[in-house]
Amino acid sequence: MKMITKRGLFLLILVLAFCGGLVFLTVSLVNDGSQWVMQPYNSSVYHNGELIGAGKITDCNGRSLAETNNGKREYNDSLTTRKATLHTVGDTKGFISTGVQTVYKAKLTGYSVLTGIYSVTKNGSGNDMQLTINADVCDVAYEALSDYKAGCVGVINYKTGDIVCMVSTPSYDPQDEPYDLDTNEKYEGAYINRLLSGLYTPGSTFKIVTAICALENIPDIKSREFKCTGEYDPGSGTPIECNARHGTITFEEALAKSCNSAFAEIAIELGPEKLADTAKELGLTSAVSVSGDIVSSTGRFFLEKGDADDYVGWTGIGQGDTLVSPAAMLRLVGAIANDGKAVSFNLVESFATKAGKALDLDFTTKETPLLSSETASEMKSLLRNNVKEQYGDYNYEGLHLCAKSGTAQIDEVDAHNTAWFTGFMDDEENPYAFVVLVEYGNSGSQTAGRIANKVLQALVKD
């Protein structure tokens with residue numbers, strides 16, 4: 001009798017272990033099955049380590065950006081388009097980590113827990129994806145950037161969050177990868193989508209943050225006057241140099257002329273804690289999520305209580321140790337345009353099987369308040385004044401632009417500037433926010449501003 005009891009107990013343990021193992025394998029299959037399938041040694045999906053078994057990727061107008069034909073991944077017929085959309089589409093080896101071919105590779109193959117990669121085996125390719133970007137506009141952005149070492153352009157619809165242009169340079173032809181891609185200096189950082197993964201000194205674009213902080217914390221800031229003698233001496237440390245001697249100017253004029261003296265004084269009055277809180281609240285120290293699956297770099301802001309006044313002043317004009325993602329700056333200006341609310345970014349318009357059946361994207365557009373409606377309205381007026389009084393409406397004909405430039409001085413050893421231009425169109429018919437960044441770009445308004453004009457003109461005329 002005891003022997004039977006022991007055998008029964010042993011069998012019970014075996015059954016429980018089997019059931020536990022079955023549950024574990026089932027959970028692992030659901031959670032990790034796509035990763036198991038998407039291994040370079042899976043010949044149904046990869047060839048020589050390169051993705052081949054994936055669906056078609058198109059732009060918002062249906063232009064093919066990538067598709068599988070006869071067991072080979074092929075890209076658009078235009079060399080310019082292939083280079084312009086490289087960082088959005090991604091490469092077949094997965095080196096461009098933010099490209100849709102990398103992020104959505106399992107979905108593009110048509111993988112499912114029930115059928116595996118049956119659709120790839122049957123059709124030679126998987127599910128099709130339509131993106132929100134306009135390839136024609138991306139072409140214009142790429143050509144405008146091609147005269148410079150590196151940079152990026154980003155444009156979103158600030159009402160919907162759709163990304164209509166996302167271009168990063170340097171780039172290369174994914175259909176004919178250069179043999180010296182990893183050794184030639186001209187391709188340095190070619191795998192990086194600078195809009196999402198780059199972190200840069202913001203220069204005078206950070207005065208947008210300082211201005212917002214001032215509007216929210218200094219009651220009489222709009223009626224204040226500042227005296228600029230060409231520099232601001234905080235009383236100790238290094239004087240903050242200005243780009244000119246502006247004389248007596250108002251707050252509005254100080255932003256339009258990008259007066260370092262005035263904004264250093266404002267930053268010091270605000271103090272490091274208020275500036276740090278504002279930078280955080282405006283999203284400059286948090287990542288930007290795209291379609292819920294692609295994530296940008298996280299910005300860095302280093303001010304804290306007790307920092308010296310000169311350091312606070314330099315930081316307040318965007319020349320401290322602050323590093324900002326262009327995507328975060330784009331989110332901020334989009335929020336100013338959209339009554340203070342930032343709309344979550346989206347890159348994927350639709351997703352469908354080869355038979356045309358729509359698939360769930362698991363993405364919901366969200367609005368996140370970054371600043372009050374009142375402050376957003378005041379900033380919109382200030383940024384509009386920048387263009388009318390400083391940059392010139394004639395340089396941006398018909399765009400009704402609100403913008404801020406930035407010329408970030410990088411270092412003294414290898415002295416160069418990072419040129420910024422960011423803002424939005426105050427236009428119900430064309431609700432677009434933008435950011436342009438050019439490494440070794442000299443002047444923000446002259447270099448990045450001209451690129452922004454070309455891209456936006458192409459977009460509104462498309």
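Visitor: How many bridges join β3 to β4?

Guide: First, this is a predicted model: local features need pLDDT of at least 70, side-chain atom pairs count only at pLDDT 80 or more, and totals for chains, interfaces and linings use all residues. Residues are numbered from 1 along each chain as its sequence is written, while side-chain values use heavy atoms, leaving out hydrogens and water. Helices (H or I, at least four residues) and strands (E, at least two) are DSSP runs numbered from the N terminus, and two strands pair if DSSP finds at least two bridges between them. β3 and β4 run antiparallel, T58 has S64 as its bridge partner in β4, and the number of bridges joining the two strands is two.

Visitor: Which residue in the hairpin of β3 and β4 takes a positive phi near 90°?

Guide: This hairpin has five residues between its strands. The one with that positive phi is G62.

Visitor: Is C60 buried, exposed or partly exposed?

Guide: C60 sits in the loop between β3 (57–58) and β4 (64–69). Setting aside neighbours within four places in sequence, C60 is in contact (heavy atoms within 4.5 Å) with Q130, L131, T132, I133 and N134. Buried means under 20% relative accessible area and exposed over 50%, using a 1.4 Å probe and protein chains only, with partly exposed in between. C60 has 31% relative accessibility, so it counts as partly exposed.

Visitor: Which strands stand at the edges of the sheet with mixed pairing?

Guide: That open sheet has five strands, in the order β5-β4-β3-β6-β16. Each edge strand has a single partner, so one side of it lacks a neighbour in the sheet; the two are β5 (72–75) and β16 (348–352).

Visitor: What angle does the direction of helix α16 make with that of β19?

Guide: For this one, go to the open sheet with the order β8-β7-β20-β19-β18 and antiparallel pairing. Neighbouring strands there are turned by 5° against each other on average, direction ignored. Axes are lines fitted to C-alpha atoms, for helices over the stretch in contact, with angles running from 0 to 180 degrees between N-to-C directions. Helix α16 (residues 444–461) packs on this sheet, touching β7, β8, β18, β19 and β20, and its angle with β19 is about 35°.
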